Amino acid sequence: MASEYKKGISRRTLLKGASATAIGASATSLLAAPAIAQASNTIRILTVEDPFFFALRGVLPEFEAETGIKVEMESLSYGGLQARLISSFVAGNPDADLISVDNIWNGQMMDNGWLQPVDEFIAGDDIDFEDFMPEVIYSFNAWRGKIASLPVATYAQGVMYRPDIFDALGIEAPPAVGDDLSAWTWEAYIERLQQINGQSFDGQTIAGSVVSGQQPAPVVHMFTQIAASHGMKWFKNFPQAPWDFEPLMNSPENMKAANLFKQIYDLSPPESLNYNWFDAGTRFSKGDIGMFFWWTPYFYLIRNDGYMSGVPSAIKEKYATAPLPVASDGTKQTVSLGGWSLGMPANSANQDQAWQFMRWATSAATQKKMGLYNEFGYQFSDFGRRSLYDDPELKEVYPYLDDQLVMFQQGDGKFSRPPSPIYTTLEGIYGLQLSKILSGQSSVEDSLEETNVLFENVLKGNFLIPYERDSYDDTLEGTKELMAKLAGG
Amino acid sequence: MPWLLLAPSITLLLLLIAFPLFFALYNSFYFWNLQMSPQPMAFIGFGNYEQALSSSTFMLALRNTLLLSIGGTAIQFALGLAIAVLLTQTLRGVTLVRVLLIMPTTIAPIVVGFLFRYLYDANGGLLPWVLQVLFIPLPPEGLLGSSTTALMSIMFADVWQWTPFFAIVLYAGLLSVPDSLVEAARVDGASRWTILTRIKLPVIKRTVLIILMLRFMQLFNTFDLVLILTRGGPGASSRTLSYSLYQQGLIDFNIGVASAMTWVIVLILNVILAIYIYIAFRDWEW
Amino acid sequence: MHRRSPVATVLLYLALALTMVFFLGPILWFVALAIRPPETAFARPPVFVFEPTLRAIKHTFVDPGANAQHLTNSLIVAFGAVLLNLPLSIPAGYALSRYRLRAKKYIMLWYLGLLMAPPVAFLIPYFILITRLGLSGTYISMVLVLQTLTVPFSVWLLKSFIDDVPVELEEAARVDGAPWHTVMRRITLPLAMPGLIVTSMFAFVFAWNNAAFPLVLSSGSTTTLPIGTLGYFATSGVTWNFIASAAVAAMIPPMLVFLTLDRFVVRGLTLGAVKG
C-alpha cells in the first residue's frame, strides 16, 4: 500500500517533512496555545484508576503536611486518561503537572517532546536510583538514553492456583520458585488444566482456567506472556539497533503460543472470551477456577471480593502463587512487565513541586507505606524497588514477594510488548485477531497471517517501514550504565 | 426578511457542520497520526482512503451496519404497529399503558447500553435466566460474547428502546384516520387487515415515512450501544461503521484514516438519504 | 362497536400485560439494582425480594458523591443548550412558517439532514478544534456543538407550532402599523408559548441524553452524568450498584419531561409532522 504513496514525490522527502514536523511538534503546539506558565503551590495529578491510585491517595496527606504542597489527584479509566493526555498535548495546554504513564507510552511521549526527561532531577538529588530494578527502569522509563519517568506501580506476571483443589484431585502442584522449572512447561501447565477442568469440588464444577479475552488490551496483555515465553519477537529488529519494524507476527513461535492460548481458553469458562483484566481475577476469586496466570497485582486483588470492597473473597486463604511456565524447547524465559510510572508533562509550570512529589511517591519509604496502607485490605505490592522485596513487614503481608522478585528479574517489557510509536493501533489489530482465534471465527494460522499483513500495511502507512528515522540501541546493559551514571552524579 | 431570520441558525450550523467536513476532507489526504505529531505530517493523496477501505473489517462493518439498520427498523415498525393496534382496542388501563409505554424511548442510549449489559451478563444476568427457563438455548460465551448473537443483542436493545416510539406515533396516526373512510371500507366487506394495510397506513403514509427514515438513520449511526455492549467484538462480529470510525479516530488517533472514513460514511449516508427522499418525499407539500 | 369474544378479550389483556412487562420490566430491574444488596445483583436464580439499601445512592451522590457534580454538570450543559437554542431557532421557525420561500423544502430538508448526520464523524474534528481553541473541557464547548442537534429539531417543531397560530391575528396587528418584530413578540410568541415550552423541554432531553459530545469534550470537572457513569467501567472492575444508581438518576429527568408532555410526545418525536 505505502509504495503507492510516492506518486511523484520521493518517500525521503515525505519523511523529512514528517520528522521535521514531529520534532518541531512541541514548539508549534506551544505557539498555538501559549501555556500560562505560572508556578503555584498546588499540583495537579492525572492518573489511571489502578490499585496504586487508592494507596497513593491514602498516604497523600503525609506529603502535603511535609512539604506544604497541595495535591489534586484525579483518576480516570485507561481510555479516558489516554484521550485526555493526547488532547492536552495537542492543545499545548498543561492539563496536569504529573501524569501516570503506561510503560507503552513512554517512547511515543518522549519522541514528541511531551514528557520532560528527569535525568537532571535524578542526578541532582539523592533518590537511591540504583535501588530500582534495572529490568523495571529499562522496561518502563528509559528511552533513547534518557529517563522519561519514574515507576510508581510495576507489574510482572505469575501463576495463581488452588492447592486445595490440586490436593483433592491428586494433581501434582506447580513447582515453587527455586525449583527446577525445566519440566514446568506450558504443555505441562495445560495438562494440569485438563485434569482439573470439569471436575467437581466443594459442590461446584471447576473450570481449568480463566482467560482475559476481551479485545484489545486485555487479551493482548495475556497472550503476549505466552508468546514472550516462547521467544516471539514482534518486529525484525527493535528495540536494539538498527530498528526494523518488519512484523514477525506469523512466526512459528507465535503460532505455537496462539495454539497453546486457544487450548487454555478451551479449558476456561466460555464467557471469559469477554473478560477484561479484572473480570478474570474476580472469576478466579469466586472459587470455581483451578489455576490461571495474570498480572501480579492479582496476587493481592483476588483476596477481596470485588474491587475496594474490603470484603474477603471465597479463596482468600486458599490460593498459592507459582512461577510462570516455560517453553518446552528450552527458550530462556521472559516475563512480561507492565504498569505505571509518573511523568512530568514538558509544559507543566510547576516542575520543581512535581519533582518533589515524584521522588516522594516513588521512594522506598512511601512505597512501603502504600503497601501497608490498609483501608480495603492491603492492596499494593507493585514495587519497582529491589530493597522492598527484603522488607520483613511487607513480606508478612505479601508472602509471595520472593516469587514476584524472580518474575521481575526475568522481566522485559520491551520484548513482550514493544513500545513502537503506534502501539495502540497494533494492539487493536492484534486483539481483534486473537479474539477471532479464541471464538473460533478463524484458525490460528489464518488469523496470524492476517495480523502480519495488517501490521505491515499499518506500519507502512505510518512510515515506519522502512524505518528511516534515528534508531537507538536500547538494551538492558545500556540502561544499567545510565543508571550507574545518574546515581553516581 | 425571512433570510434574516434564518441567518443566525443557518450560519452557526454551517460553521459547526462545514468545519468538521472540510477539516476531514483536507486531512483525509494527509498522513497524520496524533500519537506522532499534533500537526498533519505529509500529503499522501488517497492513501488514507485505501487504508480505510482495504482494512479487513470495512466490508464486515458495512454489512453489520446495514443489517442492524434495516433489520432493526423493520422489527420496530412491525412490533410497533402491532402494539399500536392493541392500544386502539377498548380495554381497561390502556391509557395508562400508552402513557408509560414511552419510557424506554426517553432513556439515553448509553444508559440503555448499561442496562442491557447488566441484563445480558453471562454470569447471573436476568435475560439468560429467562431464556433458560423458557428452554431457549444460549451460546456458552454469553449473548454478547458469541459472534453469532452479539450483533443481534445490540439490535434487541435498540428494538426494546425504540419500539414504543413506533407504537405511540403509529397509534396517534391510526386515531387520526377519519372514521368515514374506515366505515366505508367495512361496508364494502374489507377485513381488518385490509383496512389497516390498504386504508389506514396509506392515510398516515407521511408519518410512517418520516419515522422510518429517522430510525433508519439513527440505527445506521449506532455507536453508544456498540461502545458499551461489545466494542465491536468478539472479533469484528458486531463492529459498525460508526464504531470503526471511533476506533480509528479516538483510540488509534489516526486522524488521516479517520477523516477518510468520515467521508466514506457521509457519502454512503447521503446516497441512501437522497434515494429515500427522492422516492418518499416526492409529493410532499411544504 | 362490535362485540369481542371472551377469549379474544383475555388474549388482548394478556398482550397488554406482556407489553408492559417487556418494556417496563428492564427499567424496574435496573432501578432495583441501585438499591439492592450488591451480593444479590447477579444471583441465580434472580432475587426479586430483598431489603433495599441506600448505600450505592449514598456513595454516588452524597459521600464521596462523585456523581453529584456530574448531575450538576449535566443540568448546566442541558439548560445551556436550551438557552442558546431558543434565539436561534425561534426566528428560523417563524420564517419557515410565515414566509413563502422557494427554497423552503430544501432548507427544511437540510435541517432534517443534520439530525441524521453521524455524530461520531464530528467527534474527531470537534475534538481537535475545541482543544486548539483552548476550550476543551468547558461547558460552552458542549453547549455549542449540541446546537447541531437541538436547533434543527427545534426549528421543525416550532414551525409546526407557529403554523397553528392563525395568521389573521398577525395581519390585524400589522394593519395597525406594528413592525414585524413587535408582531412576533406581542402576538405570535405568546400564542405559541405552549409550543415554545414543549420544544424547550424536548431540546433539554436531547441535550441531556447526548453522550457522544461530552465523551470527548468534557474533562474531569465538567463530565456529564452518562459519561460519569461510564467511569465505573474502570480497568479494575465494574461496580454495578454504582452504575445503576448514577444511571437511574440520568433516566429520571427525561422521564419526567415525557410524562409532563404526554399530550405532545408524538408531535415532539415526529418533529411536529404528526399533531397527535
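How many of the eleven residues of helix α14 (residues 351–361) of chain A are buried?

1. Eight of the eleven are, so helix α14 of chain A is mostly covered; buried here means under 20% relative accessible area, exposed over 50%, and partly exposed in between (1.4 Å probe, protein chains only). The buried set is A:Q351, A:Q353, A:A354, A:W355, A:F357, A:M358, A:W360 and A:A361.

2. Before going on, a word on the basis: this is a predicted model, where local features need pLDDT of at least 70, side-chain atom pairs count only at pLDDT 80 or more, and totals for chains, interfaces and linings use all residues. Residues are numbered from 1 along each chain as its sequence is written, chains are lettered from A in the order in which they are written, and side-chain values use heavy atoms, leaving out hydrogens and water.

3. Over to chain B, which has 14 helices and two strands (DSSP runs numbered from the N terminus: H or I of at least four residues for helices, E of at least two for strands). Its C-alpha atoms fill a box of roughly 75 × 65 × 30 Å along the principal axes.

4. Of the 286 residues in chain B, 64% are buried. Among contacts (heavy atoms within 4.5 Å) with a separation of 6 or more, 68% join residues 24 or more positions apart.

5. Have a look at B:L134, in the loop between α7 (126–133) and α8 (150–176) of chain B. B:L134 counts as exposed because its relative accessibility is 54%.
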